Structures are given as structure tokens and as C-alpha cells.
Amino acid sequence: MVTRCNNAGVRIYVDVVINHMTGDIGAGHGTAGSYFDPGAQKYDGVPYSYLDFNSKEKCQTRSGNIESYHDANQVRNCKLEGLNDLDLSKGYVRGKITDYMNKLIDIGVAGFRVDASKHMWPGDLQAIFGSLKDLNPKWFRSNTRPFIVMEVIDMGGEAVSAKEYTHLGRVTEFRYGFKLGNVVRKNGGEKMQYLKNFGQPWGFVEGNNALVFIDNHDNQRGHGAGGFGVILTHFDSRMYKMATAFMLAWSYGFPRLMSSYSWPRQIEGGKDKNDWIGPPSDNFNTKPVIRNPDLTCGNGWVCEHRWRQMYNMVRFRNAAGLSKMTNWWDNGGNQIAFSRENKGFIAINNEDYTLDKQLQTGLPSGTYCDVISGNKEGDRCSGRTVKVDSYGNAKIHIDNKWEDPMIAIHIEAKL
């Protein structure tokens, strides 16, 4: 799979779980046949024994689990929800983890998403990352290091901070989707105009260190940071597309898109009783992904990354590159617009009335395809067009009743 993807220019990033093993689910055999006994802390496939896990001397809680997130020692030395917690200070454990990750590098992966990173000491992670090989030169330039992003859920007020890990790689900035979800939903009187300085001034980590996202596999189900009524998902498709368009047009952070399947949500008491449901299946056989004529998916697969509004905004972001945000405009409420210097321009209308305004786009004069409503197809637009005059101004009209109440143009969408 990795070879085929690399040959097509698609990079693979592995979600590695190196902090812990299983909870006490009873002894058995893994999918590859190796024996494990969580009660005895015995995992023959690695192998790990009881000597490789944090002892009671290191975790001094009565239950052996994390009982307080205000105690950094508990967070990093005790069990996360009953999962046997590896002792990464031990050379043997580090060596097994390093061997695993280096094997993945050998087969051609581009990097890693390191699960539960705040439950590991930064010094232990630094030792492991420092022992990783350069990426496979068959697909990457010589001396290229693995791309590393660490899952650190930091909503503030706990003993462990995401900033403790930024010298090692990027970190997941969970506050981004939480705060943006509140703004787009207008929770607590939040307004789009407040997004003018969205990023580090909001208490987030520095933009170069942040992996940002609207939702992820956990919080779209009410797990981890956030919750229903805040986190936007494909179930809230109109607001979700607005938030994603903003994320991809905005200059802060390194964005990640979600690609999901659907399931029958059953919200009771602020929780989804069906949060356990796996991918679309028929008698335990996962259903194939069906591609519709418009590139979207069927058979229960959502594939947000295939929505036109998403993939065209990826092109917008690539066209904008490292250019800065300029020409900010807002109506004092929930209509906003801004440029990425002379590379791109976006306007979003989250009011219950029409946006009709002459705005500075920063772009050269000409006719542009709105990449939200359609594509640029040769010398024509399949969606709306925007005409920019010799001063960089354009008449922007966005009806609040549109399914996608926004317009985005960029330098590569010019006719």
C-alpha cells in the first residue's frame, strides 16, 4: 500500500500507539496470532513483560489509573483508562518502539501521528525521535526527517501543556476546532468578526507548531476535547463547510482534513449512544467506497475530502502559500472577508441577511471562478464568476440562503 501510494505522490503518516498496551480485556491471541495476557502484563509479539511497564513506585495512585490531570506525574506514569502503561525511560522499551517506527520508515512512510503524547515525558519522546532514521531516499530527498505530530489535548488548566512538546514537532491544537465551532455556531454571542486575529492571540501554540482541524475521529463522536453543540462535523454540513473554508484560507497552522463514514447518531444526555459504531459493513465485511459522478462517496462513506468545497479550498491554500493575511473586512458581526496578499480572497456570510458589498480583493484585475460554487474548467467557470477591477475591487454578493454562503477566488482560478 505504501509503495503504491508513494508512487502516486500520496504520503502515508502512521498513527502510532507507543504509550500503552491493552487494558485488562483477558488473555488471548492478537490478529497476527501472538499471545497476550494483560493481567500478567505479558505481550509475546513484542515481546513485553511486566518489567517493561510503569511500576507502583512510579504511579502512586490507589487505582493505578490517572486520577487527577492536575498532577503531571500521574498523567505520564499512570494508566490511561486502565491501559497498561509502558515505561519509556527504559532502554529496552525505547529500542522496541524505535525498531517499530524505523521499520515503517524503511517501507516508505513519511511520518507519524503519535497518539497520547501528553502521557509520555518529553525527554523520552526526544530520545525515541532522535533514534529514528531519515526517510527512505527511494521517495524522499536525502537527509529528510520524518514529519512528526503529537496528539496533545491541551484545553488549558491542566498540569501538562502542549508547549512542552513543540521543540519535538508539531502538536494537535484542539482549541482551534473548539473555538472556531463556537464562533460559527454563534454560541455565547461569538461573532465571525472576532476571527481577525485567530491563532496565537487566542492562547493557541505558535502557528508553525500547530496541527489544526475542525474535527477529528474522537471529538466528532463526543470524545476528547469539545462536545456536541460545539465541535462541527459533516452532520452539520453547511457550518462545517464554512469553518473548513476559513481554516484553509487562514494563514495559521498546518491544516488537516477529516474523511469520515456516517453512522446513525443517537444523542442522549449530551452523549452519542452509537459512538462505538464502525465503518459501513455487511455481515462484518466492510463495504467498498463507491465514487459518485461528482466524486463524492456513497455506500455510507462521507469522504469530506472529496467535496468540491473542500478540495478546491486545498488548491486555494496551496496557491496562497506563505502569503500573509491582508485586506480584512467585517460588518461588525458575522460577515467577513480577507485576502492572502495578491494570491487569494475569501468572503463568508454567516448572517441571516445578504452580503452585498464592494470589497478590496488584493488580486490583479480580471475574471475569476468562485471555487466554492464550481470549478475552473478550461476557459470557463462551472460556478459563479467574480470580476476584479483595475484597483483590485470586486462586487461581492452572497445570499444568506445559499447552501454555501461564501465566495473564494485565487490566482490560479483566473480565466
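How many cavities of 30 Å³ or more does a search of the whole structure find? The search finds 1. This report describes that cavity, the pockets, the annotated domains and part of the strand pairing.

The model is predicted: local features need pLDDT of at least 70, side-chain atom pairs count only at pLDDT 80 or more, and totals for chains, interfaces and linings use all residues. Residues are numbered from 1 along each chain as its sequence is written, and side-chain values use heavy atoms, with hydrogens and water left out.

**Annotated domains**

An unreviewed UniProt entry lists residues 1-317 as "domain: Glycosyl hydrolase family 13 catalytic". Residues 1-317 are 23% helix and 12% strand, with end C-alpha atoms 28 Å apart. Residues 326-414 are 0% helix and 52% strand, and their end C-alpha atoms lie 19 Å apart. Helices (H or I, at least four residues) and strands (E, at least two) are DSSP runs numbered from the N terminus.

**Pockets and cavity**

Rolling a probe the size of a water molecule over the atoms shows where empty space is left. On a 1 Å grid over the protein atoms alone, a cavity is a set of points where a 1.4 Å probe fits but cannot get out, whereas a pocket is an open set with protein on both sides within 12 Å along at least five of seven lines; lining residues have an atom within 4 Å of a point. Grid points are joined across faces, edges and corners, and a volume is the space filled by probe spheres set on the points.

| Space | Volume | Lining residues by class |
|---|---|---|
| Largest pocket | about 1,700 Å³ | 17 nonpolar, 12 polar, 9 charged |
| Second largest pocket | about 580 Å³ | 7 nonpolar, 4 polar, 7 charged |
| Largest cavity | about 30 Å³ | 6 nonpolar, 1 polar, 2 charged |

In these classes, Ala, Val, Leu, Ile, Met, Phe, Trp, Tyr, Cys and Pro count as nonpolar, Asp, Glu, Lys and Arg as charged, and the others, Gly among them, as polar.

The largest pocket has a volume of about 1,700 Å³. Its lining comprises 38 residues, with Leu211, Phe254, Pro255, Arg256 and Leu257 closest to the centre. Elements giving two or more residues to this lining are β1 (13-16), β5 (111-114), β6 (147-150), β9 (254-255) and α7 (308-320). Helix α7 gives the most, with 4 residues.

Around the second largest pocket are 18 lining residues; Leu80, Glu81, His119, Ile153 and Gly224 lie nearest its centre. The lining of the largest cavity includes Phe213, Asp215, Tyr240 and Met247. Arg256 and Leu257 also line this cavity.

**Strand pairing**

Strands of a sheet pair through backbone hydrogen bonds, either parallel or antiparallel. Here, two strands pair if DSSP finds at least two bridges between them. An open sheet of 4 strands, in the order β16-β17-β18-β25, has antiparallel pairing. Its edge strands, β16 (325-330) and β25 (406-410), each pair on one side only. Strand β16 is joined to β17 (residues 335-340) over 4 bridges, and threonine 326 has serine 339 in β17 as its bridge partner.

Strands β20 (residues 366-369) and β23 also run antiparallel, joined by 4 bridges. Threonine 367 stands opposite lysine 387 in β23.

Notes: UniProt positions renumbered as here; feature names shortened; annotations may be inferred.
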